[in-house]
Each structure stands twice: as structure tokens, then as C-alpha cells.
Amino acid sequence: MAGDGAGNGSDARRTPEEEFPPCCRKARASAPESEAKCHETVVSGWFSNSSLSDKDGKFMYFNNPMWPGEAHSLKVEKILYQGKSEFQEILVFQSSMYGKVLVLDGIVQLTERDECAYQEMIAHLPLCSIPSPKTVLVIGGGDGGVLREIARHSSVEHIDICEIDKMVIDVCKQFFPDLSVGFDDPRVRLHVADGIKFLRDAPEAMYDVIIVDSSDPIGPARELVEKPFFEMIARALKPGGVLCNQAESMWLHTHLIQDMLSICREIFKSVHYAWASVPTYPRFYY
């Protein structure tokens, strides 16, 4: 799920171009962006909206710099919610094929039809890789879907979730109750805070499993793919603990994935890349 808004840091000195990871800037150098167009109420995104088309009846597209030259369109039946939090634009619409869709800053995060593919993979893979995990931390994951899957594990005794954007949580509770049910589990402790700061203050060797269900590494979220962040995770994990981190598409972001693998191999004993098929994510694999 190409993801929900996770813990962020910021650096006001960065230019707009510097908001992208160096590996993505390198990959984009040979493919300059064409002029982006989007409908003013949709904000931005690669999906199309037949009920909110331009005066000539044409669909509007937005070319996102994380996947230059590509657009994925979803037919919109009705816009259900549109707002702006302190951190990002939030949009929920009813699609014709995928049910309700959550969009953050123009990027599809999840749909009712295929959200299970992402949530199950990022949650069950780490939880099933060690015996009887008891303590779990989720960074991001404001829709609640990862919590829902973690709650299926009876060995888990305590779940911390750190989500920076409370509006994402509130919107998902209203429009995606089948996902946000995860927040109702009594083992869950919600922390509305910056994920990086939360990890920095976390006790050493606190968690058996840490799951980073973050947004794409653009702007402040780029810190979530840098070495200091992974070092903080390693400190917060118990010996033998496991990290599972959203790591982008193997077809579009090989430079980013290679950089993340190199960093993680300097810190962790065993590092692997796994993927799942998610139809509404770019190139269908994440």
C-alpha cells in the first residue's frame, strides 16, 4: 500500500528536487517529466475521473515523478471525501471496480478490493518468521489494515502504532471500517507522533517485530529509507527481532531498492527483498 503518512522529519533547506532520494533523481535524469495535468478537486493522481472531466470530456492525468512516464487510471463514480491535513492531501472516492479508494497526495494507498494483498504480506511475513512474537511496533499504517492482520496472531501481547497524521486515522475509521477495526483491539496502543522521534525515544531491545508501513520516500518521508532510521530500528529490536519495511516496486525503483538493501546489510545479519501483487499499485508489484 503504497502507503499512509508515516513518521516524518524535515529539512527546510532542501530544494523541491532534493525532496526525492538521490537514487530516484539519478533514474529520472534521462526521462524528464512532461507537464502534469490534474483536476482541481482530485488534486493529483494517475487515476481518471469521468464525472469530473474537463470541458471537452477528457480524463485528467497526473504524471508522478516516482514513476515517470506512466499513469494508472481508475474510473471514479463519486468523490466521498476531500480534505487537507497538516501533512498531506487526503481523498476518498468510490471507484467502479475496486470499491472505495484512499489517496494521499495524489497517490493511491489502498482500495477495498486489493488491500488484503499488501496488508497480509507486510504483516504475516515478519510475524511468521520468528516463534511467538509478543511485542510489535508499526510505523505509519494509519488505515488500520496492518493492525487488523497483526491482531490475528494470538502470541502477540502488545502492539504500538505510531502514525503522524490523525486525520488519516479518522478518515479511514469513517470510510474503511473493515480496515480500521484493527484499532479496536485492546492490545493496540496508538501514538500520534513523528515515527523517527518515537523510535529515537523507544527503549532498547523493546520489540520482536517492527513493521514500517510508510508513504513513498518523497519529501520528509525520504528519511525513512536512510541509514540513521534503520540504525534506530536495529536498536529498538530484540535480539533475533525482525523488520519488515515497505520497499517500493522492483520494476520501477531498482536504484532505491539497491540502496536500501546495501544500507540494511551493513546493519542487519540477514536481509531479503519480498514482493506481492497489488493491482492498483504502479506495475502491480510491491
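**Reading a predicted protein model**

Me: Leaving aside its neighbours within four places in sequence, with which residues is N245 in contact?

Reply: Contact means that heavy atoms lie within 4.5 Å. By that criterion, and with neighbours within four places in sequence set aside, N245 is in contact with V212, L224, F229, F230 and M260. This is a predicted model, in which local features need pLDDT of at least 70 and side-chain atom pairs count only at pLDDT 80 or more, while totals for chains, interfaces and linings use all residues. Residues are numbered from 1 along each chain as its sequence is written, and side-chain values use heavy atoms, with hydrogens and water left out.

Me: In which strand is N245 found, and is N245 buried or exposed?

Reply: Helices (H or I, at least four residues) and strands (E, at least two) are DSSP runs numbered from the N terminus. N245 is found in strand β9. Buried means under 20% relative accessible area, exposed means over 50%, and partly exposed lies in between (1.4 Å probe, protein chains only). With a relative accessible area of 17%, N245 is buried.

Me: What is the mean pLDDT of the protein, and where is confidence lowest and highest?

Reply: pLDDT is the predictor's confidence in each residue, from 0 to 100. The protein has a mean of 76, and 66% of its residues reach 70 or more. Confidence is lowest in helix α1 (residues 22-28), with a mean of 46, and highest in strand β7 (residues 188-192), at 98. Over residues 48-55 pLDDT stays under 50, and the model has 23 contacts beyond four places in sequence for them. Residues 57-63 also stay under 50, with 29 such contacts.

Me: Which residues of the largest nonpolar core touch the most other members?

Reply: A nonpolar core is a set of buried Ala, Val, Leu, Ile, Met, Phe, Trp, Tyr and Cys residues joined through side-chain atoms within 4.5 Å. The largest one here has 26 residues, and those touching the most other members are L199, I210, F229, F230, I233, L243 and F268. At least two residues of this core come from each of β5 (135-140), α6 (195-201), β8 (207-213), α7 (227-236), β9 (237-245) and α8 (254-267). Helix α8 gives the largest share, six residues. Apart from this core lies another, of 20 residues, including V138, V156, I161 and C244. As for I233, its contacts beyond four places in sequence are L199, I210, V212, L243 and F268.

Me: In what order do the four strands of the open sheet stand, and which strands are at the edges?

Reply: Strands of a sheet pair through backbone hydrogen bonds, either parallel or antiparallel. Two strands count as paired if DSSP finds at least two bridges between them. In this open sheet the order is β1-β2-β3-β4, and the pairing is antiparallel. At the edges stand β1 (76-84) and β4 (107-111); each has a single partner strand, so one side of each lacks a neighbour in the sheet. On average, neighbouring strands are turned by 25° against each other, direction ignored; axes are lines fitted to C-alpha atoms, for helices over the stretch in contact, and angles run from 0 to 180 degrees between N-to-C directions. Strand β3 (residues 100-104) is joined to β4 by four bridges, and V103 has V108 in β4 as its bridge partner.

Me: How many salt bridges does a search of the whole structure find?

Reply: Side chains of opposite charge can pair when their charged atoms come close. A salt bridge is a side-chain nitrogen of Lys or Arg within 4 Å of a carboxyl oxygen of Asp or Glu. The search finds nine. One of them joins E112 to K100, with the closest N and O atoms 3.0 Å apart. This pair links distant parts of the chain, twelve residues apart: E112 is in the loop between β4 and α2 (115-127), and K100 is in strand β3. E112 is partly exposed at 34% relative accessible area, whereas K100 is buried at 17%.

Me: Which parts of the chain does the pair of K238 and D208 link?

Reply: In this salt bridge the closest N and O atoms are 3.6 Å apart. K238 lies in strand β9 and D208 in strand β8, 30 residues apart. K238 is partly exposed, with a relative accessible area of 26%, and D208 is buried, at 14%. Elsewhere, salt bridges that share partners join R148, E149 and R152 into one network.
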